[in-house]
Each structure stands twice: as C-alpha cells, then as structure tokens.
Amino acid sequence: MRIVLLGPPGAGKGTQAARLAETLGVPHISTGDMLREAVRDQTEVGKRAEGIMKRGDLLPDALISELVAGRLARQDCERGYVLDGYPRTLEQARFLEEFLDRSGTSIRVAVNLEVGEEEILSRLDKRRTCRGCGAAYHLDSSPPRLPGRCDRCDGELYQRTDDLGSAISRRLEVYQAQTEPLIRFYDDRRLMHKVSGSGPVEEVAARVLAATAGARS
Ligand code: ADP
Ligand code: AMP
C-alpha cells in the first residue's frame with residue numbers, strides 16, 4: 001500500500017496519515033516531521049531548513065527528494081507507507097514516480113483532504129505540536145490530557161514558528177502555486193480521491209479509509 005495524502009497546510013494530513021498508517025500497519029512518513037527533527041537536532045539539513053521553514057517556503061526539491069529516497073529505501077517501507085507532505089511540487093511527484101518505477105512499484109492511491117480556508121486558519125492557530133514525537137493537538141477539538149504535555153511521550157507542546165504570523169499566508173500561497181497542481185497530476189493517473197476533511201477526526205478517518213479501500217482489495 002503506497003499512499004499519498006494531499007491537502008493544504010492544516011487540513012489534517014498528519015492527523016489522518018498517522019491513523020491510516022497505524023490501521024494498515026505501515027510507516028507514516030512526514031517530511032515536515034523529519035525536517036523539524038533535523039532542526040531540533042541541528043543537523044546540516046536542519047540548519048539549512050530552519051530559516052526556510054520559518055518563512056513558510058519550501059526546501060529545494062533535490063534536497064527533499066534525496067531525504068525521502070533514503071527513507072523509502074529502508075526495510076520497513078517494503079509493504080508500503082503513507083506519505084504526508086511529500087510530494088509537494090510537480091518536480092517531486094515526477095521524481096517519486098520515476099524512483100518507484102525503477103523498483104517496479106508505484107503509488108496506489110492519492111487522497112486529497114478538502115477543508116475551507118476559514119477552518120484551516122482556525123486549525124493552524126489552535127495547533128500545538130510535541131517537541132518529542134511530533135504529535136499534533138488542537139486546543140479545542142483534541143486537547144492534551146495535561147495542558148502543555150504530550151499524551152503519548154510527555155514531551156513539551158509548542159506552537160510551530162510557521163503557524164505564526166506571515167508564514168501562514170506564505171504557506172497558503174505556496175500551496176496554491178506549487179502543490180495544488182498535484183491534484184491534476186494524480187487525477188490524470190486515475191489515482192486521485194477527494195475527501196472532505198471537515199467534521200470529527202473519526203469521521204474523516206472513515207472517509208479516508210474508504211477512499212483507499214479499492215486500492216487495497
Ligand atoms: P496538516 O498535517 O495537514 O498540516 P494536522 O494534522 O497537523 O494538519 O492538523 C492541523 C490541526 O487541526 C491540528 O491542531 C489538529 O489537531 C487539528 N485537526 C486535524 N483534524 C481535525 C478535524 N477533523 N477537526 C478539527 N481539528 C482537526
Ligand atoms: P509540514 O509539516 O508538512 O506542514 O511542513 C512544514 C514545512 O517543512 C514546509 O512549510 C516546508 O518548509 C518544509 N517541507 C515539508 N515537506 C516539504 C517538501 N516535500 N518539499 C519542500 N519543503 C517541505
């Protein structure tokens with residue numbers, strides 16, 4: 001099962017990808033989480049990524065694709081994975097297609113989470129993220145049991161720098177210009193499933209699972 005989750009920032013990709021990956025027993029691969037870990041650990045990639053992410057811009061395609069290729073080559077990806085936040089540009093989508101083609105595999109389904117702009121802005125404003133494991137909380141709809149602490153790993157919850165100020169509008173702009181065209185890319189390949197990302201997390205999860213059912217049978 002090789003699945004791509006698409007959608008604007010704050011649509012719920014991370015939330016749904018984590019659930020879907022657990023249900024299917026495959027890894028959840030989030031380029032955003034990988035980069036935030038790199039920033040936290042101040043690796044070479046992390047030092048390069050920090051300012052770009054804070055502004056709400058994208059990292060260079062070549063750098064991110066190399067990172068993803070390394071991750072997908074690991075053994076736990078043999079039975080599939082749920083990709084969240086990658087691909088994000090047409091160049092990345094083409095790279096992924098060619099990379100998988102070389103090993104005789106391909107993406108089986110792409111799911112686009114559709115959420116209106118007002119809801120997105122509210123979700124980004126209320127999102128709190130765990131410094132330890134990257135889990136996302138929402139101050140109203142999915143608050144942590146203890147304020148400021150992660151339910152899963154007791155890590156500290158913080159507000160992402162790109163969930164503040166002008167980075168938000170920049171990310172929405174970048175999404176429209178660079179990532180939205182991927183809907184057409186996967187549509188042309190008959191892989192695209194559009195799903196409403198509004199409503200309770202469980203209901204969205206059921207829709208996402210149903211959208212991937214055809215590819216799993
Ligand atoms: P993305 O990975 O697409 O940027 P997240 O999964 O981090 O989005 O979700 C953004 C915010 O919205 C988080 O605070 C998350 O807890 C919250 N959220 C996710 N899904 C829903 C939902 N169905 N209803 C309300 N809030 C949600
Ligand atoms: P996300 O957690 O998916 O919202 O990603 C956070 C930030 O990480 C983005 O705004 C980009 O700066 C960077 N990033 C994540 N994935 C990619 C990608 N596929 N290509 C380029 N930059 C990325």
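Q: Before the sheets, what makes two strands count as a pair?
A: Two strands pair if DSSP finds at least two bridges between them. Keep in mind that this is a predicted model.

Q: OK. What is the strand order in the five-stranded sheet, and how do the strands pair?
A: The order is β2-β3-β1-β4-β8, and the pairing is parallel. The sheet is open.

Q: Which strands stand at the edges there?
A: β2 (28-30) and β8 (192-196). Each has a single partner strand, so one side of each lacks a neighbour in the sheet.

Q: How much are neighbouring strands turned against each other?
A: By 25 degrees on average, with direction ignored.

Q: Over how many bridges do β2 and β3 pair?
A: Three, in the parallel sense. Strand β3 covers residues 81-84. Within that strand, D84 is the bridge partner of S30.

Q: Now the three-stranded sheet. What order does that one have?
A: β6-β5-β7, also an open sheet, with antiparallel pairing. The edge strands are β6 (136-138) and β7 (157-158), each pairing on one side only.

Q: And what packs on that sheet?
A: Helix α6, residues 117-126. α6 touches β5 and β6. The direction of α6 makes about 45 degrees with that of β5.

Q: How many bridges does β5 make with β6, and in which sense?
A: Three, antiparallel. β5 itself spans residues 127-130. With β7, β5 pairs over two bridges, again in the antiparallel sense.

Q: Which residues stand opposite T129?
A: A136 in β6, and Y158 in β7.

Q: Switching to helices. How do α2 and α4 pack?
A: At an angle of about 100 degrees, with axes 11 Å apart. α4 runs over residues 61-72.

Q: Are α2 and α4 roughly parallel or roughly perpendicular?
A: Roughly perpendicular. That class takes in angles from 65 to 115 degrees.

Q: Which residues make the contact?
A: From α2, T31, M34 and L35. From α4, I64, L67, V68 and R71. By class, that is five nonpolar, one polar and one charged.

Q: And what about α7 and α8, at what angle do they pack?
A: About 30 degrees, with the axes 5 Å apart. α7 is residues 166-179 and α8 is residues 181-188.

Q: Why are α7 and α8 called roughly parallel?
A: Angles under 35 degrees count as roughly parallel. The packing angle is about 30 degrees, so α7 and α8 fall in that class.

Q: Which residues meet there?
A: Y175, Q176, A177, Q178 and T179 in α7 meet P181, L182 and I183 in α8. The contact has five nonpolar residues, three polar and no charged.

Q: How many of the lining residues are charged?
A: Nine. The lining also has five nonpolar and five polar residues.

Notes. Residues are numbered from 1 along each chain as its sequence is written. Chains are lettered from A and ligands numbered from 1 in the order in which they are written. This is a predicted model: local features need pLDDT of at least 70, side-chain atom pairs count only at pLDDT 80 or more; totals for chains, interfaces and linings use all residues. Side-chain values use heavy atoms; hydrogens and water are left out. Axes are lines fitted to C-alpha atoms, for helices over the stretch in contact, and angles run from 0 to 180 degrees between N-to-C directions. Helices (H or I, at least four residues) and strands (E, at least two) are DSSP runs, numbered from the N terminus. Angles under 35 degrees count as roughly parallel, over 145 as roughly antiparallel, 65 to 115 as roughly perpendicular and the rest as oblique. Contact means heavy atoms within 4.5 Å. Ala, Val, Leu, Ile, Met, Phe, Trp, Tyr, Cys and Pro count as nonpolar, Asp, Glu, Lys and Arg as charged, and the others, Gly among them, as polar.
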